[in-house]
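I opened my notebook to get my bearings in a structure that was new to me. Here is what I looked up, entry by entry.

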Amino acid sequence: MEHLRAKKGFICDMDGVIYHGNQILPGVKEFVDWLYREGKQFLFLTNNSGKTPRELQEKLARMGLEVDEHHFYTSALATAEFIANQAPGARAFVIGEPGLYNALYERGITLDDTAPDYVIIGESSSYNYDNICKAVHFVQNGARLIGTNSDLTGPTEQGIMPACRAFVKPIELVTGSEAYYIGKPNPLMMRTGLNMLGVHSQDAAIIGDRMDTDIVAGIESGLDTVLVLSGVSTRETVQRFPYRPRLVLDGVGAIAGAQ
């Protein structure tokens with residue numbers, strides 16, 4: 001634990017680490033207070049593409065956590081950055097939430113439901129049969145398929161629910177095309193996170209609740225790895241993976257000595 005506390009930078013997942021739905025998790029306030037008090041560089045890096053950094057900031061504020069907006073980075077921002085670099089001025093058919101639409105707009109990517117260059121799928125409450133059919137049609141006509149993240153499920157107040165990869169899968173199955181997923185564990189997002197922190201991977205740790213995104217991303221990027229049991233993974237499911245986190249904690253409060 002002392003080795004972890006000595007790190008200069010912390011990349012923290014949000015869903016299942018900081019909150020479930022609209023409920024903050026135990027020990028989180030103490031952990032955030034500790035980050036500020038110790039002068040740590042930290043980033044809340046989430047695979048959820050639905051909200052903008054400002055919306056995430058406001059969500060935490062409603063829960064009693066005051067965190068500056070620059071501490072947030074999402075898979076929507078990473079997706080927009082990737083496409084803007086690959087194909088400036090591209091056109092895209094998008095199934096997602098405002099956070100994704102806003103990120104794409106800010107990088108000059110045009111929404112197009114006639115002849116898009118890309119089909120981009122994120123978390124969405126508007127996911128329906130008509131949108132799936134449109135996405136399939138565009139991919140069959142040559143549009144490239146992008147998923148904002150590869151999470152199959154996500155934790156909510158109601159339990160584990162479908163996430164981005166579950167929405168992409170029907171399109172992959174029908175078209176025979178494989179999506180390119182931008183969020184964790186893609187090194188693109190991890191490198192951006194480290195650059196935003198301004199620290200080397202050896203001086204940073206990743207804290208997450210998922211073995212298949214957070215922990216593998218940390219291992220492959222050279223970060224110290226901490227799994228918290230406040231979200232998706234359990235001590236039993238950890239055993240199914242060929243890799244291991246260095247630390248397994250009940251929640252982030254343990255880092256600040258609150259648990």
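First, a term: I take two strands as paired if DSSP finds at least two bridges between them. Helices (H or I, at least four residues) and strands (E, at least two) are DSSP runs, numbered from the N terminus. I keep in mind that this is a predicted model, where local features need pLDDT of at least 70, side-chain atom pairs count only at pLDDT 80 or more, and totals for chains, interfaces and linings use all residues. Residues are numbered from 1 along each chain as its sequence is written, and side-chain values use heavy atoms, with hydrogens and water left out.

**Entry: the sheet.** I looked up Y118 and found it opposite R144 in β9. Strand β8 (residues 118-121) and strand β9 (residues 144-147) run parallel, joined by 4 bridges. I then followed the whole open sheet: 5 strands in the order β7-β6-β8-β9-β12, with parallel pairing. At its edges sit β7 and β12 (180-181), each pairing on one side only.

**Entry: β6.** Is strand β6 (residues 91-95) mostly covered or mostly open? Mostly covered: 4 of its 5 residues are buried, where buried means under 20% relative accessible area, exposed over 50% and partly exposed in between (1.4 Å probe, protein chains only). I counted 2 bridges from β6 to the parallel strand β7 (residues 110-111), and A92 has L111 in β7 as its bridge partner.

**Entry: helices on the sheet.** Contact here means heavy atoms within 4.5 Å. Axes are lines fitted to C-alpha atoms, for helices over the stretch in contact, and angles run from 0 to 180 degrees between N-to-C directions. Helix α5 (residues 98-106) lies across β6, β7 and β8, at about 170° to β6.

**Entry: S75.** I found S75 in helix α4. S75 counts as buried because its relative accessibility is 0%. Leaving aside neighbours within four places in sequence, its contacts include T46, N47, T148 and M189.

**Entry: α6 and α7.** How do helix α6 (residues 129-140) and helix α7 (residues 164-175) cross? Their axes come within 10 Å and cross at roughly 45°. The pair is therefore oblique (under 35 degrees is roughly parallel, over 145 roughly antiparallel, 65 to 115 roughly perpendicular, the rest oblique). I132, A135, V136, V139 and Q140 in α6 meet I171, V174 and T175 in α7.
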